[in-house]
Amino acid sequence: MSEKIVGILGGMGPDATVDLFQKILRATPARRDQDHLRIIIDCNSKIPDRTAHLLRGEADPGPYLISSAKLLEQAGVDVIAIACNTAHYWHAKIQASVKCRVLHIMEVTADFVVQRWPGIKKAGLLATPSTVRVGLYHRAFASRGIEVIAPDEEYQEMTTKAIFSVKAGDTGPGVRRLVAKAGEYLAGKGAEVVIAGCTEIPLVLKDGDISVPVVDATQALAEAVVRFARGM
């Protein structure tokens with residue numbers, strides 16, 4: 001079976017796009033350049049803010065996401081990974097607009113958790129307020145018998161502040177403390193793992209930073225990309 005060409009629909013934000021690209025590289029068993037996958041990236045930072053639309057009715061990112069997906073398909077990709085969790089609110093419309101496969105970060109992350117921690121019953125979620133509100137992770141995990149819990153208003157504000165700090169280029173100790181504090185709050189509420197459910201979160205929260213395992217959704221997506229592209 002020939003390898004598939006991978007497309008990354010990115011720019012939301014650029015650092016998160018780079019992180020997904022790097023994680024795909026590291027997840028690929030390669031000893032030379034030619035062993036790596038062919039990857040085409042559209043780092044479209046002009047896509048309107050997803051949270052601003054979902055919470056305040058500002059510009060709709062949907063047409064921009066579809067346009068980027070079509071551009072990647074025209075470039076020859078066989079599978080698309082979206083380097084933004086909240087953008088998966090438009091997943092069905094994006095998938096309907098192209099013939100190539102569009103992976104779903106919530107679904108592959110839920111599968112990752114079930115395989116890694118069989119029998120788990122409760123997962124905490126650190127994500128944008130819009131991802132939390134529309135229930136993207138809640139639905140994916142509920143279908144596998146796992147309850148998703150989100151921070152209360154105070155800790156959600158901490159998480160949101162950290163996300164937008166990362167987007168502004170700040171990944172320093174203060175931002176890391178904010179995210180870790182929110183993660184520990186979820187652990188205290190019974191979360192057996194905490195999902196880094198925004199592509200900025202893994203840039204400032206690593207496994208081992210809090211008292212329960214951190215699930216890097218970007219890593220789960222990267223591994224799913226490699227499996228699909230290599231026919232595994």
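**Exercise 1.** In this predicted model, find which strands helix H1 lies across and at what angle H1 runs to S2.

*Solution.* Start with residues 14-27, which form helix H1. Helix H1 lies across strand S1 (6-10), S2 and S3. Its direction is at about 170° to S2. Next take helix H3, residues 62-74, which also packs on the sheet. Helix H3 touches S1, S2 and S3, and its direction makes about 155° with that of S1.

**Exercise 2.** Give the strand order of the open sheet and explain why one side of S2 and of S4 is left without a neighbour in the sheet.

*Solution.* Write down the order of the four strands: S2-S1-S3-S4, with parallel pairing. Strand S2 (39-43) and strand S4 (101-102) are at the edges, and each has a single partner strand, so one side of each has no neighbour in the sheet. Now look at the pairing of S4 with strand S3 (residues 79-82): the two are parallel and joined over two bridges. Within this pair, isoleucine 80 is opposite valine 102 in S4.

**Exercise 3.** Describe the largest pocket by its space, its lining residues and the kinds of residue in that lining.

*Solution.* The space in the largest pocket is about 180 Å³. Its lining includes Lys23, Phe112, Arg116, Trp117, Asp207 and Gln219. Two elements give two or more residues to this lining: helix H5 (105-116) and strand S8 (214-216). S8 supplies the largest share, three residues. Sorted by kind, the lining residues are six nonpolar, one polar and five charged.

Terms used
Residues numbered from 1 in each chain as written. Predicted model: local features only at pLDDT ≥ 70, side-chain atom pairs only at ≥ 80, totals over all residues. Heavy atoms only, no water. 1 Å grid on protein atoms, 1.4 Å probe; cavity = no way out; pocket = protein on both sides within 12 Å on 5 of 7 lines; lining within 4 Å. Points joined across faces, edges and corners; volume = space filled by probe spheres on them. Nonpolar A, V, L, I, M, F, W, Y, C, P; charged D, E, K, R; others polar. Pairing = 2+ DSSP bridges. Contact = heavy atoms within 4.5 Å. Axes fitted to C-alpha atoms, helices over the stretch in contact; angles between N-to-C directions.
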